[in-house]
Amino acid sequence: MNSIVCAGKYSPNEDYKNRNFEIIIPDKSGTVSFGGLELKFNGGDVIAVPPFTRYFIPSDCGGLHAELEQAFLPVKEVTVFADDANGGVRHTILQAEEYLKSGMTKRDIILSALGNLLAGYVTAYCVKTEFSPVVELVRSDIGKNISNSSYALDNFIKKLPLNYDYVRKLFKKEVGATPHEYLTAQRMELAVSLLTGGASNKYSDYSVSQIAEACGFSEPLYFSRVFKKYYGVSPSEYKKK
């Protein structure tokens, strides 16, 4: 989740439609066009572009950009915001660019952390942090049951005094993922933290089966399949890195 697959110099393409979540920092002021709308930006501002969005930025703007794969962010349209006073977004993109170029064995772990940091900036500046009561209730219940392999998320939602489809759509609108996608994403983040915790982590010497159980998966093979879909390698390979 939030894996950085590209970072570095940005060269706008006319009428470009992106595949991944894109974060752009132009060098010059200009206007970004999308869906018949226009937003003005200044040089150094941050432009957040959701996946599969057709947009246009003048080709002379240049700058930096990064692409996040499998990004769960509740940003539905192009959004412009100012970088923080320390240029946090810019520095993070530059760091990601250096690690993408490097051949170090653990770069994927660092790129994942940097991707989560970029997602955090976007969430902090683009998205209201308050959730509606029912969405917060579902998020809280998921948080309590990340390690519970018998957790029945659907049953919990169906017991709420609201229509199931309504809750699901509201959750996706506010969180950027369905309840099940969010649960899986949280479990994958937990899996990575357990696999890469080092000697100080009590799970550092555990088998993949034990890690799977700690992350709420009763079937290790299914856990490995989901993990590989997220990160491109098996849990054992990720741990070796």
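Leaving aside neighbours within four places in sequence, Ile93 is in contact with Ala7, Gly8, Ile23, Ile25, Leu64, His65, Ala66 and Leu118, where contact means heavy atoms within 4.5 Å. The model is predicted, so local features need pLDDT of at least 70 and side-chain atom pairs count only at pLDDT 80 or more, while totals for chains, interfaces and linings use all residues. Residues are numbered from 1 along each chain as its sequence is written, and side-chain values use heavy atoms, without hydrogens and water.

The mean pLDDT (the predictor's confidence in each residue, from 0 to 100) is 86, and 93% of the residues reach 70 or more. Confidence is lowest in strand β2 (residues 16–17), at a mean of 64, and highest in helix α4 (residues 153–158), at 95. Helices (H or I, at least four residues) and strands (E, at least two) are DSSP runs, numbered from the N terminus.

A nonpolar core is a set of buried Ala, Val, Leu, Ile, Met, Phe, Trp, Tyr and Cys residues joined through side-chain atoms within 4.5 Å. Buried means under 20% relative accessible area, exposed over 50%, and partly exposed in between (1.4 Å probe, protein chains only). In the largest core, of 23 residues, Phe21, Ile23 and Ile93 touch the most other members. At least two residues each come from β1 (3–9), β3 (21–26), β6 (45–49), β8 (63–69), α1 (88–101) and α2 (107–126); the largest share, 6 residues, is that of α2. Apart from this core lies another, of 19 residues, including Val192, Leu195, Tyr231 and Tyr238.

In α1, the buried residues are Gly88, Val89, Thr92, Ile93, Ala96 and Glu97. Their cover includes β1, β3, β6, β8 and α2.

Aromatic rings (Phe, Tyr and the six-membered ring of Trp) pair if their centres lie within 6.5 Å; planes under 30 degrees apart are stacked, over 60 edge-to-face, and the rest tilted.

| Pair | Centre to centre | Plane angle | Class |
|---|---|---|---|
| Phe223 and Phe227 | 6.0 Å | 50 degrees | tilted |
| Phe227 and Tyr238 | 5.4 Å | 85 degrees | edge-to-face |

Phe223 and Phe227 are 4 residues apart in helix α8 (residues 220–231), and therefore separated by about one helical turn. The other pair links distant parts of the chain, with Phe227 in α8 and Tyr238 in helix α9 (residues 235–240), 11 residues apart. Relative accessible area is 0% for Phe223, 0% for Phe227 and 3% for Tyr238. One aromatic cluster is formed by Phe217, Tyr222, Phe223, Phe227, Tyr230, Tyr231 and Tyr238.
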